[in-house]
Amino acid sequence: MTMARISGMGDASAVTFTFANDPLADFSRDDNRQAMQAALADVKRRLGQSYPLVLDGRRVDTAEWIESLNPSHVREIVGRCGKATTQHARDALAAAERAFPAWRDTPFEERCRLLERAADIMRKRRFELAAWEVFECGKQWREADADVAETIDYCRYYADEMRRLGRGYSMNVPGETNHYFYEPRGIAVIIAPWNFPLAILCGMTTAALVTGNTAIMKPAEQSSVIAAKLQEILEEAGAPAGVVQYLPGIGEEIGPTLTEDPRTALVAFTGSRGVGLLLNRQTAEVKDGQDHIKRMIAELGGKNAIIVDDDADLDQAVEGVVASAFGYAGQKCSACSRVIVVGAAYAEFRTRLGAAVESLVVGPSHDPYTFVPPVISADAKERIEGYARLAATEGSLVAEAQVPGGTGYYVAPRVYEGLALDSKVAREEVFGPLLLLFRAESFEEAVALALDSPFGLTGGVFSRNPRNIERARREFRAGNLYINRKITGAIVGRQPFGGLAMSGLG
């Protein structure tokens, strides 16, 4: 629940607010389990429907469609989403351009209320939205529920922040009246990933909307159905035609049209480093007729490390590493892919970690007992297995969990040791359930190993040594550094999420 009290005139410092995160569902309670089971049954009956584009408030059918498949049962079609063409992209840009002046001039308090109404709708549809994620993106119950809760948080937090920013700042001196305030940029193109299919898409979109920009949502092909649900919710909450638009399609086909167009003011992207660097080049070039410099915000992944000190609580460390490396099958940009153990703790940690990994339950995402669900697609499975084959030739296997039969895109969680620091597996983002184990002779060496990466998104330390914890705070430079807890699960309002080095921009 979010509460705000506004006082004073024209000064953001006069706004006070209290933000509280939406609590996660407790699935140890029978009522929550029954609600989730009912939502899964209801959504299953609605699989296979079609979701057209939404341009300027109108549903627009397309000549071709994108089929969204269930990663747990790959012959099950979750939905068919419109496949936008470059002409559709140009139509979306034209509609967003027409809608911008009125939306820019809409009082910020009305824009804030739009987000809060959307949050209220999401809360009522919470288990239904989570069920769509279970089927479309292979998220197990807790991961799906957490994504919906984070989406609600973004709406409420950004509404609160806009109330603070929207009033501006009085910077008066005797004889002068000075007012500092913020202006919307224009059209925001939102290019979102599939791994947090509602939270990241909604977070980037609502941040643009509440600040007075118009938004074009280009979801990942694998998660276009849940994006259609977000479009429905924003419309129900009162978003005017053209202010937010739903444009599913193939990124390579419509992406350049959206990002290179001179009307685009901002590109917000979460995804791979390669695509992000391409978008950065495209947005940097000034086109004919462009009267502004485009802004890009990007989160580009990680190769994140956890250090386990020689005095660490190993039970706590094993639990944190396993959750960070194998939660949602390692398909998180914040996931742990390297663990560096200091000195004499290596042997015991290795034994405990191996036993924990071998006990992990791999299975379909709708099964509440599943800890490691399938990966998102056949391409992802083949790519991850390729890294695993390379790791097996360059190092040795420490532990491997069992995978079930069936038609899901299952990849066994694995831990390897003995790889060279410059191995391709040790340098590149795998984005799957593959963890590398390294040994350091000292905490100083462990920090150096952790920083030996082109990325700098998240990092973690398990230690009971105050001096080493303080050293990590000074020297372990990452966007988010976690001490004695898992390195995934950044919480809105507590841990702003963004990386250093090649992990982020803006």
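This short talk concerns the aromatic rings of this structure and the charges placed over some of them. Please bear in mind throughout that the model is predicted.

Let me begin with the ring pairs. The count comes to 9 aromatic pairs. One of them joins phenylalanine 19 and tyrosine 157, with 5.3 Å from centre to centre and 70 degrees between the planes, an edge-to-face arrangement. Where do these two residues lie? Phenylalanine 19 belongs to the loop between strand E2 (15–18) and helix H1 (30–45), and tyrosine 157 belongs to helix H5 (residues 141–166), so their contact ties together parts that are 138 residues apart in sequence.

Is phenylalanine 19 buried or exposed? Its relative accessible area is 18%, and because buried means under 20%, phenylalanine 19 counts as buried. Tyrosine 157, at 23%, is partly exposed.

I turn now to tyrosine 169 and tyrosine 180. Their ring centres are 5.8 Å apart and their planes stand at 80 degrees; since an angle over 60 degrees counts as edge-to-face, this pair is edge-to-face. Tyrosine 169 is in strand E8 (residues 169–170) and tyrosine 180 in strand E9 (residues 179–180), 11 residues apart. Tyrosine 169 is partly exposed, with a relative accessibility of 24%. Tyrosine 180 is partly exposed as well, at 40%.

Finally, which rings does lysine 139 lie over? Lysine 139 is placed over the face of phenylalanine 196, 4.3 Å from the ring centre. The charged end of lysine 139 also sits over the ring of tyrosine 328, at 4.0 Å from its centre.

How values were computed
Residues are numbered from 1 along each chain as its sequence is written. This is a predicted model: local features need pLDDT of at least 70, side-chain atom pairs count only at pLDDT 80 or more; totals for chains, interfaces and linings use all residues. Side-chain values use heavy atoms; hydrogens and water are left out. Rings of Phe, Tyr and Trp (its six-membered ring) pair if their centres lie within 6.5 Å; planes under 30 degrees apart count as stacked, over 60 as edge-to-face and the rest as tilted. Helices (H or I, at least four residues) and strands (E, at least two) are DSSP runs, numbered from the N terminus. Buried means under 20% relative accessible area, exposed over 50%, partly exposed in between (1.4 Å probe, protein chains only). A charge sits over a ring if NZ of Lys or CZ of Arg is within 6 Å of the ring centre and within 35 degrees of the ring normal.
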